[in-house]
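Subject: Structure for your files

Hello,

The structure we spoke about is below, and my notes on it follow.

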Amino acid sequence: MTGPGGAPPAATRPAGAVAERERPAPTRYRRRLTDRDGVLAWLFLAPAVVYILALVGVPFLLAVAFSFSDVTGGDPSFDWTGLQNFGRVFADPVFWRALRNTLVFTALSMVFIVLFGKVLANVLIADFRGRWLVRFLVLLPWTTPVALSTITWLWMLDSVFSPIDWVLRQVGLIQANMFYLGRPTLAMASVIAVHVWRLVPLAAVIMMAGLLSIPKDVQEQALVDGAGYWRRMVEITIPLTAPVIAISALFGAIFTFTDMTVVYVLTRGGPTNETQVLASWAFFRGIEGGDIGQGAAIALFLFPLLLAAAIAILRAVRRMEVS
């Protein structure tokens with residue numbers, strides 16, 4: 001038997017065909033759309049892409065444009081000047097000092113961040129009473145706003161009322177105040193110490209995740225074979241967590257290379273620009289000095305240096321994973 005128009009009656013049609021015919025068209029379209037992985041991938045990535053373009057891509061393009069112009073705080077009109085700003089930057093002795101300080105600041109900070117982060121990660125994975133409280137206290141330097149925590153250090157390193165100096169005088173290690181932020185070497189050491197104090201918790205958490213991912217049977221087999229602590233550390237722990245350590249070093253390098261808050265709050269680049277870094281010098285020249293074109297030219301030097309460091313670290317991570 002056939003229905004009207006020669007179609008089989010509804011009773012003899014397949015159940016799926018009846019449901020598909022009776023389902024509203026918009027519902028079928030929505031279900032087909034949600035089943036397409038390529039469309040869903042772009043939908044989920046779109047907010048992140050828009051965020052990066054709006055807060056990173058557009059300012060970067062503006063910085064490139066401003067570096068070839070004479071834009072200032074008092075005259076926002078755009079006039080092409082070519083490489084004039086870069087020539088002025090190269091002729092500025094403070095720029096070369098800031099570049100040197102940036103490289104030294106980043107290199108020394110990364111050594112201590114990776115070292116102390118590894119030690120702290122080993123402490124955090126140990127089984128002891130009150131571990132949750134220790135983990136909470138360790139994370140405080142990273143969760144506290146950087147300006148607030150740096151202001152606290154500004155008081156602790158004060159040339160007159162420093163509690164650190166008071167303790168050192170009480171135990172007889174010093175006779176007079178140290179003037180941590182008034183002497184070039186001590187000022188740079190203070191900036192590095194505060195920055196390391198801030199970033200060690202982040203490195204420790206990243207490395208702790210890597211340590212917890214090591215199979216327990218590997219550690220137990222090493223213990224059965226009689227391997228001591230240092231042998232297990234050198235032959236098992238470090239090789240298996242090397243990619244994680246490299247990633248923590250990459251994050252630390254990015255935060256260190258582009259950071260100016262610690263320098264700005266503690267020393268403002270002093271004394272006599274001895275603690276000036278590229279990020280802070282670009283801010284002083286471009287924002288406080290009003291020379292936006294030259295400030296943008298200084299800031300652009302951060303990009304190739306940071307890109308080279310990131311590529312080197314990521315290539316090292318890839319080689320570690322392959323090996």
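N273 sits in the loop between α12 and α13, where helices (H or I, at least four residues) and strands (E, at least two) are DSSP runs numbered from the N terminus. Please bear in mind that this is a predicted model, in which local features need pLDDT of at least 70 and side-chain atom pairs count only at pLDDT 80 or more, while totals for chains, interfaces and linings use all residues. Residues are numbered from 1 along each chain as its sequence is written, and side-chain values use heavy atoms, with hydrogens and water left out.

The phi of N273 is near 65°, a positive value in a residue other than glycine. N273 counts as partly exposed because its relative accessibility is 23%; buried means under 20% relative accessible area, exposed over 50%, and partly exposed in between (1.4 Å probe, protein chains only). R268, found in the loop between α12 and α13 as well, is not a glycine either and has a positive phi of about 55°. At 41% relative accessibility, R268 is partly exposed. For context, most residues other than glycine have a negative phi, and most peptide bonds are trans. A cis peptide bond joins G270 and P271, with omega at about -5°, and P271 belongs to the loop between α12 and α13.

Two further residues of this loop are buried. T267 lies between α12 (261-266) and α13 and counts as buried because its relative accessibility is 13%. Not counting residues up to four places away in sequence, T267 touches L181, A187, V191, V262 and T275, contact meaning heavy atoms within 4.5 Å. V277 is also placed in the loop between α12 and α13, and a relative accessible area of 4% makes V277 buried. With residues up to four places away again not counted, V277 touches A98, N101, T102, F105, D259 and V263. The C-alpha atoms of V277 and W96 are separated by 9.5 Å, although the two residues are 181 apart along the chain.

Helices α13 and α14

Helix α13 (residues 278-288) packs against helix α14 (residues 292-300) at an angle of about 170°, with the axes 7 Å apart. The axes are lines fitted to C-alpha atoms, for helices over the stretch in contact, and angles run from 0 to 180 degrees between N-to-C directions. That angle makes α13 roughly antiparallel to α14; under 35 degrees counts as roughly parallel, over 145 as roughly antiparallel, 65 to 115 as roughly perpendicular and the rest as oblique. On the α13 side the contact is made by L278, W281, A282, R285 and G286, and on the α14 side by I292, Q294, G295, I298 and A299. These contact residues divide into six nonpolar, three polar and one charged, with Ala, Val, Leu, Ile, Met, Phe, Trp, Tyr, Cys and Pro taken as nonpolar, Asp, Glu, Lys and Arg as charged, and the others, Gly among them, as polar.

Helix α14 is mostly covered, with seven of its nine residues buried: G293, Q294, G295, A296, A297, I298 and L300. E288, in helix α13, is partly exposed, with a relative accessible area of 41%. Leaving aside neighbours within four places in sequence, E288 is in contact with Y264, R268 and F283. The C-alpha atoms of E288 and G73, 215 residues apart along the chain, are separated by 9.0 Å.

The cavity

The structure holds one cavity of 30 Å³ or more. On a 1 Å grid over the protein atoms alone, a cavity is a set of points where a 1.4 Å probe fits but cannot get out, and lining residues have an atom within 4 Å of a point. The largest cavity has about 30 Å³ of space, a volume being the space filled by probe spheres set on the points, which are joined across faces, edges and corners. I113, L199, L202, A203, S248, F251 and G252 line the largest cavity; by class, the lining has five nonpolar, two polar and no charged residues. Helices α9 (184-212) and α11 (229-257) each supply at least two residues of this lining.

The whole chain

The secondary structure of the protein chain comes to 15 helices and zero strands. Of its 323 residues, 35% count as buried. Among contacts in the protein chain with a separation of 6 or more, 64% are between residues 24 or more positions apart.

Regards

Key
On a 1 Å grid over the protein atoms alone, a cavity is a set of points where a 1.4 Å probe fits but cannot get out, and a pocket is an open set with protein on both sides within 12 Å along at least five of seven lines; lining residues have an atom within 4 Å of a point.
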